[in-house]
Amino acid sequence: MSETPEDRLAALGVELPELPSALANYLPILRAGEMLYLSGQLPRRADGSFVYVGKLGGGVSLDDGVLAARMCAVNIISLLKATVGELSRVERVVKLGVFVASVPEFVEQPVVANGASDLVGEVFGERGAHARTAVGVVSLPGDACVEIDATVLVKP
Amino acid sequence: MSETPEDRLAALGVELPELPSALANYLPILRAGEMLYLSGQLPRRADGSFVYVGKLGGGVSLDDGVLAARMCAVNIISLLKATVGELSRVERVVKLGVFVASVPEFVEQPVVANGASDLVGEVFGERGAHARTAVGVVSLPGDACVEIDATVLVKP
Amino acid sequence: MSETPEDRLAALGVELPELPSALANYLPILRAGEMLYLSGQLPRRADGSFVYVGKLGGGVSLDDGVLAARMCAVNIISLLKATVGELSRVERVVKLGVFVASVPEFVEQPVVANGASDLVGEVFGERGAHARTAVGVVSLPGDACVEIDATVLVKP
C-alpha cells in the first residue's frame, strides 16, 4: 500500500495544528536512541486554550471525552510529524498512557481512550497498534479532561 | 537452579488463565526490540467479568486489594507466557506501574501493590526484582480496584 | 564547560541524602541496557518520614508542593549518583512521571512538577531537558503530596 499516514490524515479531514507550546520547562518530545518519548498532551487549541474542560461523569459528556482524546492524539501526531518529517518513518506506536479526569463513579475510561486509539490506528495502520494503559485521575493541568503521553519507535 | 518459573507457578498452585481479551482496540502486549510492553491489566476472570470491584478504603478491603493485584500479576505472567513460550526467556521484569482505585483517605497503595510484586518475585526470582510506581487513582475501567502495566526485557 | 553536576549541586546548596529505603519488595532503581528505571520517589527524609503530607488544594500549599517535588528530584539524583558514580555519566534524563495528590479542583500540577524539572535542569543542563507527564491523583503512599518516577539514559 503506497498510501502514506499523511494521505490518511487528509482523507480523514484531520489538519495538524501548530505545535502546542509546552506548559512549563520541559520538552514536548525527546529522542533517545530509536525511541521517541512524548510528554503528556492535552486537548488544547493552537492558541493554548483548552477545550472540553472538566471531568468525565461531571461536566464533560462521554462524546466530548472521546473528541478530547482524539484531539490529544492529533497533537501527538503533530509532534511526531515535526520530529521525523515523514510519518512513514514511524516504525511503531509502542504505548499510549491515557489519563482521564473522572468523578469517582465514572468507569468508562476505555471508551474515552478509544478516541485516541482509533485515530492512531486509522493513520498508522498496523504500525499504530499499541499497548495502552487507561486510568481515571482526579484532576489534570488546566482542568483538561484527558491527558495522553506516548512512546514511539522510529525507523533507524 | 534448574527450577523454571513454570515449576514455581505450579508449586504456588497458580494456574494461568485464558488470556483476557482486550477491552478495546489496542494490543494487550507488544514487542519492540527486546522489550515487551504490556497494557494495563485488570483483575478479570477468563469470562471477562471483574472481581473485587470498587475502591480501596471504600467497598474493597485491603486483603481483597492485595488479591486483586496478585490477579493482575497472574494475567501479566499469562501474557508473557503466551508471547515468549518458556518463561525462562524473561531476562528481567523491568517495571510495574500499579494504579490503585482509592478513596482520598486511603494511602496504603504499596501494600496493595505487593500482591503483584510478591508473586513476580516468587515466580521469576532475581529476574523478577523490578522498579515500581504505585499511586492512588480516582477510578478505573469497569470499576476495577487495581490496574497494573509492565515493561519486561526478554533474552535476545 | 568543565563544571560537573556535582559542582552545580554544591553551588545550589543541595546535599544528597542517604538513599531512602524501598517501602516494599521492589528496587528503587534498575538498569536495563543503557536505561535506568527509577521507582516512584516520595518526599521522604532519610529517616523514612514524609514531609508535606496531604493534598494540593487541601492541606498542602502550592509552595510546599513545589518544595516536595524538588525533594523527590533530590532523591532521584541521589539514586543516580549511587548507581553511576559520577553524575556526568548521565547521558540524558529522558522522562519524569509526576503524580500530584490533588483535590478535584486543583489543576496546577505543572507548577508543582516544575519543582522537580527546574532542579534537574539546573543540575544536568542540556542533558536534563526531559519529557514529562504530570497528573493529579487522588492519593499517594503514606499521604505524600507528590510522587515522581524517572527514566534516565546513561553513557555506554
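Helix 2 of chain C, residues 62–84, lies across strand 1, strand 2, strand 3 (90–101) and strand 5 (146–154) of chain C, and runs at about 35° to strand 5 of chain C. Helices (H or I, at least four residues) and strands (E, at least two) are DSSP runs, numbered from the N terminus. Axes are lines fitted to C-alpha atoms, for helices over the stretch in contact, with angles from 0 to 180 degrees between N-to-C directions. Helix 3 of chain C, residues 109–124, also packs on the sheet; helix 3 touches strand 3, strand 4 and strand 5 of chain C, and its direction makes about 160° with that of strand 3 of chain C.

This is a predicted model, in which local features need pLDDT of at least 70 and side-chain atom pairs count only at pLDDT 80 or more, while totals for chains, interfaces and linings use all residues. Residues are numbered from 1 along each chain as its sequence is written, and chains are lettered from A and ligands numbered from 1 in the order in which they are written.

Let me turn to the sheet itself. In chain C, 5 strands form an open sheet in the order 1-2-5-3-4, with mixed pairing; two strands pair if DSSP finds at least two bridges between them. Strand 1 (29–32) and strand 4 (131–137) of chain C are the edge strands, each pairing on one side only. Strand 1 and strand 2 (residues 35–41) of chain C pair in the antiparallel sense over 4 bridges.

Finally, the contact between chains. In chain B, 23 residues are in contact with 25 residues of chain A, contact being C-beta atoms, placed from the backbone, within 7 Å. Strand 2 of chain B gives the most to this side, with 4 residues.

Methods: Contact = placed C-beta atoms within 7 Å.
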